[in-house]
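Me: I would like to learn how to read a few local features in a model like this one, taking them one at a time.

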Amino acid sequence: MQKNFTKGFTLAEVLITLGTIGIVSALTIPALISSHKKRVIATQLKQSYTILYNAIKISESENESFINWETPTNSPTSTKIFAEKYILPYLKYTETGKDKLFYPNEELFYIKLANGSIVGLHVGSCIDFLVDINGNKNPNQGGIDQFSFYLNIFQNQAYPNELSTSGKINSRTQAYQICTNSPKACGALIEYDNWEIKNDYPHRI
């Protein structure tokens, strides 16, 4: 009589295989998650920049060049008046208000865009559009979900004559250094890298 035998795996072989899979997963999954987060951040940042850039350009077609706009002072009331005249009519947004999302000791007028990002207005050497790309969700941290755009309304020679992600950048090295020292200005490095977060990004994501 001929007997048929089916060859299977021993318990030791199964355990070795599962162990190998576990090691490979432990090594690759964190990298995949980080890569996905970087793509999401870069995409949301570019989207928010484009929304604001287009709103300003449309506003200019009706209100002349932004360099001729009435400039606000650095107070929520003043930036609110500025936004209501020059920015809000050209944006899709869900709410406005005042909050300390960007600076713990300073309340800013903010706009919540239809894409979920929050934009706070601050007046310094330019009009700063501080953007939290995921709204009030954590981590609320510069270089991770909070970034700055600058509208050079005061014609500061250190900034481009448009909405920009930083001052004038001459090299990636300069953009990298700015990002390292001023995390909210990391949009300059991301834009320089064609709206991508490279592996040498100076802040952990």
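Me: Where does Trp195 lie?
Reply: This is a predicted model, in which local features need pLDDT of at least 70 and side-chain atom pairs count only at pLDDT 80 or more, while totals for chains, interfaces and linings use all residues. Residues are numbered from 1 along each chain as its sequence is written, and side-chain values use heavy atoms, with hydrogens and water left out. Trp195 lies in the segment after helix H4 (187-192), where helices (H or I, at least four residues) and strands (E, at least two) are DSSP runs numbered from the N terminus.

Me: What is the phi of Trp195, and is Trp195 buried or exposed?
Reply: Phi is near 55°, a positive value in a residue other than glycine. Buried means under 20% relative accessible area, exposed over 50%, and partly exposed in between (1.4 Å probe, protein chains only); Trp195, at 16%, is buried.

Me: Which loop holds Gln155, and what is its phi?
Reply: Gln155 is in the loop between S5 and strand S6 (163-164), and although Gln155 is not a glycine, its phi is positive, about 55°.

Me: Which residues are joined by a cis peptide bond?
Reply: Asn138 and Pro139 are joined in this way, with omega about 15°, and Pro139 has its place in the loop between S4 and strand S5 (146-151).

Me: Where is Asp128 found, and which residues does Asp128 touch?
Reply: Asp128 is found in strand S4 (residues 127-132). Leaving aside residues up to four places away in sequence, Asp128 touches Gly120, Leu121, His122, Phe149 and Tyr150, contact meaning heavy atoms within 4.5 Å.
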